[in-house]
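Here are a few notes to read with the model open beside you. Take them one at a time and find each spot as you go.

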Amino acid sequence: MKKSKIPSLYLGLMLALMYVPILLVIIYSFNESRISSVWGGWSLRWYRDLFRDRDIMDAMTNSLILATVSSLSAAVIGTLAAVGMPRANLKGKGIIEYLSTLPIMIPEIILGMVFLVYFALIRLPFGMVTLAVAHTSFCTPYVYMLVKARLVGIDKSYAEAAKDLGATEWNVFWDITLPLILPAITSGVLLAFAMSLDDVVISVFVTGVNTNTLPLKIYTQLKTGVTPKINALCTLMFAATMLIVLMSAWFAKKSVRKTERRISSEEASGIRNSVGLAR
Amino acid sequence: MSAEIKAGPTEASDPGGVPQKRKAALRRFFDAATISVMPIYAFTLLFVVGPLVYMFILSFLKRAETWGVLREFTWSNYTNILKPVYLKTFYESLKLAFFTTFFVALVGYPFGYFMARLSATWKRRMMLLLMIPFWTSSLIRLYGWIIIFRANGTLDKILMGLGITQAPLKLLYTYSAVVVGMIYALVPFMIFAVYSSAEKLDWQLVEAARDLGATPWQAFITVSFRLTLPGLLSGVVLTFIPSMGLFFIADILGGNKVILVGNLIQEQLMKARNWPFAAALSVVLMILTSIMIALYRKVSGVKDLEGLV
Amino acid sequence: MKKLLGFAIVLALLVSLASACQKTPGAPTTGEGPQDKELNLFTWEGMFPEEVLARFEDETGIRINYSTFDFNETMLAKLEASGGGDYDLVIADDYILEAVISSGLAQKLDLSKIPNIGNVNPIYQGQFYDPNNEYTVPYGAGVQTIVYNPDAVQIEIDGYEDLWDPSLKDSLGTIANHRVINGMALKVLGESYNTEDLEVIEAAGRKLIELAPNIRVIKDDNLQDDLLSGEIDVAVMYTSQVTTAKLANPDLKVVFPKEGIGFGIMANFIPAKAPHPDAAHKFIDFILDPEVSAECFEWLRYYCTNKAADELINPDYRDFLTLPEGFNEDMEMIRVVSAEAEEVHTRIWTEFKAACGQN
C-alpha cells in the first residue's frame, strides 16, 4: 500500500495545536509585566520570586508524597482485586466492582463535599491521611481497570501449566502473573500519579492545616491574580516532566522494547476501560 | 500443597463428607483469591459506599435556614429540579456534551486511527507526546487558551497581522471558546480509545477488501470503521460523561455564561449553601451517567470490549 | 507456607504504607506546649505580603502555616468538620462570621493580649455579626463600584441604572456574587439588598434578565485584567480590583452608584478550639501595628480598617484605600436571608446567567 502524507501531516498539526497553549504559558513566564495581558519584555524575575516562595517547596514535597502514597496504595488494592476478583468466592462482586469505580464518574465537587463530612463523621483527622484516602479512591479504578484489561489478554495456559507442575498459587502469581501484568501496573500507577498530581477540587475539601498541595497552590494563585510566577512554576513542572519522560524513554530503549510498546497500548485501553467498565 | 489452594470449582468435585465440607468452607474463606479482594471490599465499603450513602440521604433532607441541614425528610429537592430553569440546565449540559462529543470524535477518531498505523517507535513517541500534557496542570493549560482567545491576544494578533480581520474578534467568553476548551481537554481520551482498538485491527483484512475491488473508502467503511467502532463508542462515553460535570472550563473560558449541571452543583454548594439540593442534583447526574454506561454496554456489547484488549 | 509468607509481605506493605501516611508532616498538631511555636492561619490566598509574614516569624519565632480556602462556605464547612479546631486564626467575610459566631465556632478575644486594638477604625466595628466587638477584629473593607473606560463608553455612567443602556451591548463584566448582582437590580428598583419579599426578588430577576444582552463576562477573579485588556469596557467589581485597575490605568472612571452602595468587611476571628490561641492574639496585634498595617493594605488594596495606618499609606494609594467622607448613609451590607428568599435568589441568578448565555 502506498503511504499517503496526509496522516502524518494531520498528526503533526493536531499535536502542534495541543502544545500551543502550553507553549504560550511558557513564553509568558518570561514576561516582565505583572499584568498578564501586557507584554513587558523578557525577564527572569518570576523565577526568582518562585524560588523565594518557601510555601511552594513545601507544597511540592506534599504533592509528591501524596501522589506516591496514593498511587502505590491504589496499585496494591487495584492489582490484588483485579487478580483475585474472577475467582473470589464472595457475594456482590459485580456491585463492589461498579461501586469502586464511582469516584471517577461522579462530579469531583460533590465527592469532595461528601468526603469532608464523612471524614468528620468517622473522625479521621484532616491532613495527609484524608488526602491519601481521597486520592486513593480515585486512583484505584485506574489501576484496577488497566490490570484487569491486561489479565484478560493473558494466556491462561501458562498458569495452568505451572499449576500442573506443582506450583503454588503464590508461585504462579509471583513468577508468572505479576511479570506479565507489571506493565499494566506501571502504567496504572503513572496515570494515577498524574491524576493525583492534578487534583484540586477534592483536595480543597479534605486537606488539613499544614498540607497544601501544589495544585491547590496553583489554583488559589490563579484565582487571586495571575502573576507570571505560576507560569514559571508550570514551565518548571513541564520541563521536569519532559526530562523524566525522555529519561525513561532512553532507559526503556536499552531494556526490552516490546514491554514498552505494551505499556503504551495498555495505557490507551486502560483509560478507555476505566469508564467502559468491563464487567 | 497444590491441592489445598485450588479454587472453588475443583472443590465441588471433591468427595464430600461433613468434615470435608466444613474444611472446604473454611478453605474457601481463606482462599487466596478471596483474601486478595479484601482490600478493595474494605476500601470501597468504607470510603466509597459510606460517603455515597451519606450523599443519598442528604438529598432527601431539608436545608437549614442559614447553614447546614435539618433532619427532616422531603422530596422537595427533587421536585425543585423540575423547575424550568434547572431542567434547562440539564438540557444545556446535554447539548454541550453532544456538541463536544461530536467534535471530539471528528478530531480524535482520525488521530487515533492514523496513529495506529505508525511504526512501533513512532507509536511510542506519539503516546508519550500525548501523555505529557496530562502531567501539566489542567488549569494552566486552560489559561493558555485565554492567552490565545482574549482581545488582542495571540489569535487576534495573527489574524490582524495577516490582514484577515481588522478589529479584535472577542472570542473569549463565547460558546465557541467553551467548546474548544472542552474538545482540548477531552480529545486525548478519544484518541486513546480509538487507538487501542485500531491497533488491534488486522490490516490484512483491509487489504483483502481492496483486493476484492473495494475502493479505499469502501474498505474503510466496511472493514476498518466497523472494527474500530467499539473504540469510538467507548471514546464517546469517555468524552460525554466528564463533559457533563466539568465546570471550570465553562467558568474560565465561557465567562460563567454557559451553565452546566456541574456549575449548578458547585454554586448550590458554595454560594447558595443548599447542600441537599446539590446532593439531589448529583444523584440525578449519577443516574444519567449510569444510564449512559448501560446504554454503551448494550450497544457495543461487553464482549467486544474485552476482545479488544 | 509460602502462601502465608506472601500475604505477610503484602500485609507488611500495606501497614508500612499506612504508617507512611501518618508520619508525613500532614497530621494536624494539637496541644502544643504553653509556648505556641506555630500559627495555623486560614484565609484566602494573597491576604498578606510575604515580607510581613516573614517578619512576624522572625520576631516571634512562631512558624505560620498559611492554608487557603476559595469560598467562605468552604471555610465554614471545614471549621464545622473540625469542631472549631485545627485552625488558629481565620479571616473571612462579614455574613459568614455571623454563622460562625452563632454556631459557637469562634472564641471571645482576650483584648488584653491585643494592645493595638485601639488602632481599629470604629466605623468598621460594632457590625451586625459582632455588635460588641467580642469575637472579631476587622481586616480590610470594600464596596462594589462601577469602573469604566471613558474612551470606549459613549454614555455618562453614574449609577447601576445606566448599565442597562443598550449602547453597552456585550461590554459589561461583573463579579460572580449572586447577591451583589441581584442586588444591583434590587437597588435600581429602590429596594434593599436584604429584602425578604419574594415578589420583589422575582421582580429583580425579571429586571436582571433585561441586562443579559450587555453582559460579556461574570467572574470573581481578575476581572480587572479584562477591563485593562479591553475585553470589557465597564465592570462592576470589588475595591481591591478597582484599586489595581486604577493604578494600572489612571484614565479609568470610578463610580459610586447613586442607588446606594454595597459594603463588606473582612475580619479576623479565633476558632473556638484553636490549638494556638496565644499565637493568634500575637498575630492580630502584630498586623494592627500602624506601619505593618499600612504595608498590608498597600498590598491588599482594600479599604484600610486601621485608623492609625491611614496617614502612613503611600500617597499614591491613599485615596483608594480610605473611605471617602460622608459615605455612611447610603451603605448597606449584604446579609444572609431566609432559606426561601435565598432559593429565589439562586434561581433568578441561574435564570440570569442562562439568559446571558443565549446571546
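**Notes on the model**

1. In chain A, the residues A:Y158, A:A159, A:A162 and A:K163 of helix 7 meet A:N171, A:V172, A:I176 and A:T177 of helix 8. Contact here says that the C-beta atoms of two residues, placed from the backbone, lie within 7 Å. Helices are DSSP runs of H or I with at least four residues, strands are runs of E with at least two, and both are numbered from the N terminus. By class, this contact has five nonpolar, two polar and one charged residues. Ala, Val, Leu, Ile, Met, Phe, Trp, Tyr, Cys and Pro count as nonpolar, Asp, Glu, Lys and Arg as charged, and the others, Gly among them, as polar.

2. A word on what you are looking at: this is a predicted model, where local features need pLDDT of at least 70 and side-chain atom pairs count only at pLDDT 80 or more, while totals for chains, interfaces and linings use all residues. Residues are numbered from 1 along each chain as its sequence is written, and chains are lettered from A and ligands numbered from 1 in the order in which they are written.

3. Back to that helix pair. Helix 7 (residues 156-164) and helix 8 (residues 169-198) of chain A pack at about 145 degrees, and their axes are 10 Å apart. The axes are lines fitted to C-alpha atoms, for helices over the stretch in contact, and angles run from 0 to 180 degrees between N-to-C directions.

4. Now hop to chain C, which has an open sheet of five strands in the order 8-7-9-6-10, with mixed pairing. Two strands pair if DSSP finds at least two bridges between them. At the edges sit strand 8 (215-218) and strand 10 (253-255) of chain C, each pairing on one side only.

5. Look at strand 9 (residues 234-237) of chain C. Four bridges join it to strand 6 (residues 145-148) of chain C, and these two run antiparallel. Strand 7 (residues 172-174) of chain C is joined to strand 9 by three bridges, and this pair runs parallel. C:V236 is the bridge partner of C:I146, and C:T174 stands opposite C:V236 too.

6. Which way do the residues of strand 9 of chain C point? C:V234 and C:V236 point one way, C:A235 and C:M237 the other, and all are buried (20 or more other C-beta atoms, placed from the backbone, within 10 Å of their own).

Technical notes. A residue is buried if 20 or more other C-beta atoms lie within 10 Å of its own, exposed if 12 or fewer, and partly exposed in between; C-beta atoms are placed from the backbone.
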